Amino acid sequence: MTAHADSTRIRHLLTLEGLPRETIAGLLERAEAVLPHAHGGTAKRGVLAGKAVCTLFFEPSTRTRSSFQLAAMRLGADVLDFNAASSSSKKGESDADTLRTLEAMGVQGFVVRHARDGAVAELASIAGDGTSLVNAGDGRHAHPTQGLLDMLTLRQAKGPDFGRLKVLIVGDVKHSRVARSDLHALRTLGAGEIRVCGPSALLPEPGVLEGCTVTTDLDAALDGVDAVMALRLQHERMESGLVSSLEDYRRDYGLSARRLRIAAADAVVMHPGPMNRGVEIDADVADGPQSRILSQVANGVAVRMAVLEALLARA
Ligand code: CP
């Protein structure tokens with residue numbers, strides 16, 4: 001089960017694929033409304049009072065796990081951080097038994113990251129009636145809240161009319177769940193032109209790229225774009241030999257200040273993090289005036305507040 005037809009009636013959030021435009025827009029509007037509460041203050045603390053949320057991460061994370069924890073705390077939930085490395089998963093306990101065990105303790109909301117495509121949907125399929133799951137990234141499949149926070153960041157920078165925008169996604173698209181969620185969201189919100197660029201070995205199967213202009217030439221791809229979304233080289237998901245060397249990759253696909261000048265003068269630069277500085281993005285671009293990378297991080301708390309509220313505050 002994925003999210004349903006309006007942002008107040010979501011059971012689980014597993015993917016942005018197929019999510020109606022009004023649901024995505026509703027979550028973005030809700031996130032904008034809670035932004036003033038996302039980095040302090042107590043005005044939203046009652047929303048999830050008495051609820052328990054667990055960040056159940058079987059893969060490492062800095063941004064997603066921390067921002068979900070802060071989001072849940074800002075809404076007044078009790079927050080449990082599951083550490084896979086020191087848990088009974090290490091003794092062979094199954095993911096399903098882990099979920100059921102934590103459910104039995106009264107956890108109603110699970111934020112789950114997993115290395116395997118589809119693992120979070122499998123857990124959602126066995127969850128009890130009162131339990132909601134958010135996919136915090138499964139394999140290369142989906143990272144829906146990253147997609148939402150990227151759309152919020154784009155909307156803040158460029159306004160709500162996505163039809164005017166030329167957006168470029170560049171890098172290791174093949175292994176990127178962020179790219180897949182961004183592509184679903186950009187298509188649903190009606191982005192004017194979506195360009196995708198990377199070495200052919202790091203481009204995904206054609207279905208993922210439906211409706212996109214695809215090229216291996218980064219200078220051509222950058223021409224006149226309003227936003228550049230650079231992706232991390234995902235060494236942990238990559239078979240060896242796909243990239244000849246990091247130096248070659250940087251030369252051909254690294255976002256440098258020189259290259260950024262090919263984009264529109266007011267183009268914004270985004271990256272989901274963590275960054276390989278000096279590989280897919282140069283430090284002066286990541287830290288420069290066109291960068292919105294820390295805005296993405298900041299927006300993550302508000303987006304995750306909106307999502308947790310939509311899932312768990314129904315009753
Ligand atoms: N963007 C992202 O998912 O970052 P983390 O892996 O640090 O959560």
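In this predicted model, an oxygen atom of the ligand is 2.6 Å from an N or O atom in the side chain of Thr64. Domain 1 (21-143 + 297-312) and domain 2 (145-292) each contribute residues to the shell around the ligand, so the ligand lies between the two domains.

**Ligand contacts**
- A polar side-chain atom of Arg113 is 2.8 Å from an oxygen atom of the ligand.
- The backbone also takes part: a polar backbone atom of Thr62 lies 2.8 Å from an oxygen atom of the ligand.
- On its own the ligand exposes 260 Å², and the protein buries 91% of that area.

**Ligand shell**
- The residues around the ligand include the run Ser61, Thr62, Arg63 and Thr64.
- Arg113, His143, Gln146, Pro272 and Gly273 are also among the residues around the ligand.
- By residue class, the shell holds 6 polar, 2 charged and 1 nonpolar.

**Cavities**
- Searching the whole structure gives 2 cavities of 30 Å³ or more.
- The volume of the largest cavity is about 60 Å³.
- The lining of the largest cavity consists of Arg63, Gln146, Leu149, Pro272, Gln296, Val297, Gly300 and Arg304.
- Arg63, Gln146 and Pro272 line the largest cavity and also belong to the residues around the ligand.

Key. Residues are numbered from 1 along each chain as its sequence is written. This is a predicted model: local features need pLDDT of at least 70, side-chain atom pairs count only at pLDDT 80 or more; totals for chains, interfaces and linings use all residues. Side-chain values use heavy atoms; hydrogens and water are left out. A residue is near a molecule or strand if one of its heavy atoms lies within 4 Å of it. A polar contact is a pair of N or O atoms within 3.5 Å; within protein, one must be able to donate a hydrogen and the other to accept it, and residues adjacent in sequence count only if both atoms are side-chain atoms. Accessible areas come from the Shrake-Rupley method with a 1.4 Å probe; for residues, only the protein chains shown count as cover. Ala, Val, Leu, Ile, Met, Phe, Trp, Tyr, Cys and Pro count as nonpolar, Asp, Glu, Lys and Arg as charged, and the others, Gly among them, as polar. Domain bounds come from an automatic or database domain assignment. On a 1 Å grid over the protein atoms alone, a cavity is a set of points where a 1.4 Å probe fits but cannot get out, and a pocket is an open set with protein on both sides within 12 Å along at least five of seven lines; lining residues have an atom within 4 Å of a point. Grid points are joined across faces, edges and corners, and a volume is the space filled by probe spheres set on the points.
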